[in-house]
Amino acid sequence: MTALDLSSPVAVVGTGTMGQGIAQVALVAGHSVRLYDAVPGRAREAAAAIGARLDRLVEKDRLGAADRDAARARLLPAERLADLADCALVVEAVLERLDVKQELLRELEDVVGEDCLLATNTSSLSVTAIGGALRNPGRFVGLHFFNPAPLLPLVEVVSGSASDVTSATRAYETARAWGKTPVACADTPGFIVNRIARPFYAEAFAVYEAQGADPATIDAVLRECGGFKMGAFELTDLIGQDVNESVTHSVWQSFFQDVRFTPSLAQRRLVESGRLGRKTGHGWYDYSEGSEGAEPHTAERAQPPAYVVAEGDLGPACELPALIREAGIQVREEEEDHGSRLVLPSGGQLALADGQTSVEFRDVVYFDLALDYRRATRIALSASQDTSPQTLSEAIGLFQALGKQVSVIGDVPGMIVARTVARIVDLAHDAVAKGVATEEDVDTAMRLGVNYPLGPFEWSRRLGRNWAYALLDDLHLRDPSGRYAPSLALYRHAYATDKREGSTS
């Protein structure tokens with residue numbers, strides 16, 4: 001099954017931001033595009049807005065003037081749904097209400113030809129449920145573009161329970177012909193991206209609610225240690241707190257209030273207060289004129305230790321001993337393996353976050369997971385009230401000697417980056433095991449859809465087969481609500497035999 005021929009007209013119903021963006025994508029690809037909106041005059045206004053954006057593309061030398069003129073000639077506002085009768089594809093981008101979408105599609109089915117592909121751009125509703133209103137739901141699929149559609153490459157092609165394979169394939173190939181990167185996805189709450197991305201927000205909010213750290217510090221650690229482009233608090237301020245919470249609530253409800261997707265009470269209070277982020281001038285942060293930006297907690301300078309003793313395999317932090325040596329600090333190797341840790345001159349220990357708390361052990365400081373310990377510019381440390389000041393000072397000085405800024409947070413099991421990545425990896429394994437998408441498509445979706453530095457399976461391979469499972473299992477022991485219970489898929493992955501090595505690892 002091939003993509004739609006460029007001679008085939010495409011229609012977009014709903015002329016808001018997403019509708020205009022999708023129409024522009026199809027138009028620039030070479031199709032004739034019909035715009036329809038139930039509100040009189042909106043389609044013409046949208047056509048004018050798209051024309052203005054094409055002008056800006058010409059000004060930026062991203063589109064030729066002749067191509068712009070040809071595209072404008074192919075863009076036609078429609079006064080009636082009947083004007084869409086000869087279209088080969090109709091994408092609806094109307095209000096996110098099931099009844100509204102179903103009524104529209106029933107009307108479209110009476111207008112378009114039998115071979116017309118029908119699609120929804122929904123981000124939160126069930127494609128199966130929307131298509132359930134159709135006489136022929138086999139020709140109905142989800143085409144979930146990301147905002148802004150002309151710029152972001154990802155398109156989730158969602159097959160409802162009744163979608164024909166030929167329909168999904170045609171939609172997939174058409175998205176690719178339009179210059180997008182499509183991923184195939186089963187109809188599941190949140191599809192790929194909005195399902196697997198929930199922990200990125202949820203764990204940041206959980207650390208904040210536990211008074212482990214303030215938003216600016218959590219965001220800085222996610223960016224400068226975890227490698228994420230934005231922190232959870234600044235990103236939800238950009239998205240809109242109401243929009244982000246709505247998606248979280250929809251996924252939670254659709255999974256029958258599964259505790260793994262529980263919304264944040266702190267975010268609920270923010271929405272109730274009307275502090276919705278940048279669009280209202282205040283969210284987690286204050287954006288009003290003259291306001292000072294919030295600064296992350298950064299530890300004062302401390303004296304680095306003269307040496308450290310490396311015991312055991314530091315796993316994902318195995319490059320640290322080499323970095324410490326490069327900083328001119330002696331690293332002594334302990335022949336006997338008493339665990340995976342660095343021992344400081346004070347006798348205190350440094351250990352990679354593992355889902356346990358500092359208060360459970362004598363004089364332990366945990367450090368967070370980093371995407372790349374050499375390139376990371378900030379490291380989070382976690383200590384309890386029982387950690388000696390000398391041990392904490394040596395730990396701070398050690399990482400400062402490696403050129404890192406240090407943020408000391410509360411005694412939070414799993415810290416910030418480690419627990420976030422572990423949960424993302426878990427949901428990714430669970431989704432693939434349940435037939436939502438392939439590993440490759442999950443990684444592609446998370447890198448392109450939300451700009452993660454690595455896909456979940458890339459992370460999983462880098463961190464080691466058992467790492468995420470062990471951390472979540474530790475967290476589950478300390479919070480037996482089920483929120484951190486590792487999935488069966490992650491358990492199987494952790495303990496499966498690697499046939500290349502002939503052992504579990």
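Contact here means heavy atoms within 4.5 Å. By that criterion, and leaving aside neighbours within four places in sequence, P296 is in contact with A216, T217, A220 and R378. The model under discussion is predicted. Its largest pocket holds about 1,300 Å³ of space, and its helices α15 and α19 cross at roughly 100°.

**The largest pocket**

- By class, the lining of the largest pocket comprises 21 nonpolar, 13 polar and five charged residues.

**The crossing of α15 and α19**

- The axes of α15 (residues 417–433) and α19 (residues 488–495) come within 7 Å and cross at roughly 100°.
- Angles of 65 to 115 degrees count as roughly perpendicular, and α15 and α19 are therefore roughly perpendicular to each other.
- On the α15 side, the contact is made by V425, D426, H429, D430 and A433.
- On the α19 side, A489, L490 and H493 make the contact.
- The residues of this contact between α15 and α19 divide into four nonpolar, two polar and two charged.

**L490, in helix α19**

- L490 is located in helix α19 and takes part in the contact with α15.
- With a relative accessible area of 1%, L490 is buried.
- Not counting residues up to four places away in sequence, L490 touches V425, D426, H429, A468, Y469 and L472.
- From L490 to G348 the separation is 142 residues in sequence and 33 Å in space, C-alpha to C-alpha.

**L154, in strand β7**

- L154 is placed in strand β7 (residues 154–159).
- Its relative accessibility is 0%, so L154 counts as buried.
- Residues up to four places away in sequence aside, L154 touches H144, F145, F146, T181, V183, V193, A445, L448 and G449.
- The C-alpha atoms of L154 and G179 are separated by 9.7 Å, and the two residues are 25 residues apart along the chain.

**Buried loop residues**

- T188 occupies the loop between β8 (181–186) and α7.
- Buried means under 20% relative accessible area, so T188, at 9% relative accessibility, counts as buried.
- Leaving aside its neighbours within four places in sequence, T188 is in contact with R195, F255 and V436.
- P296 lies in the loop between α12 and β9 (307–311).
- P296 is likewise buried, with a relative accessible area of 18%.
- The contacts of P296, apart from neighbours within four places in sequence, are A216, T217, A220 and R378.
- Between P296 and R478 there are 28 Å, C-alpha to C-alpha, and the two are 182 residues apart in sequence.

- The peptide bond from N147 to P148 is cis, with omega near 0°.
- Q211 has a positive phi, near 60°, in a residue other than glycine.
- Q211 is situated in the loop between α8 and α9 (215–224).
- At 72% relative accessibility, Q211 counts as exposed.
- F256 also has a positive phi, about 55°, although it is not a glycine.
- F256 lies in the loop between α11 and α12 (265–272).
- With a relative accessible area of 77%, F256 is exposed.

Notes
Residues are numbered from 1 along each chain as its sequence is written. This is a predicted model: local features need pLDDT of at least 70, side-chain atom pairs count only at pLDDT 80 or more; totals for chains, interfaces and linings use all residues. Side-chain values use heavy atoms; hydrogens and water are left out. On a 1 Å grid over the protein atoms alone, a cavity is a set of points where a 1.4 Å probe fits but cannot get out, and a pocket is an open set with protein on both sides within 12 Å along at least five of seven lines; lining residues have an atom within 4 Å of a point. Grid points are joined across faces, edges and corners, and a volume is the space filled by probe spheres set on the points. Ala, Val, Leu, Ile, Met, Phe, Trp, Tyr, Cys and Pro count as nonpolar, Asp, Glu, Lys and Arg as charged, and the others, Gly among them, as polar. Helices (H or I, at least four residues) and strands (E, at least two) are DSSP runs, numbered from the N terminus. Buried means under 20% relative accessible area, exposed over 50%, partly exposed in between (1.4 Å probe, protein chains only). Axes are lines fitted to C-alpha atoms, for helices over the stretch in contact, and angles run from 0 to 180 degrees between N-to-C directions. Angles under 35 degrees count as roughly parallel, over 145 as roughly antiparallel, 65 to 115 as roughly perpendicular and the rest as oblique.
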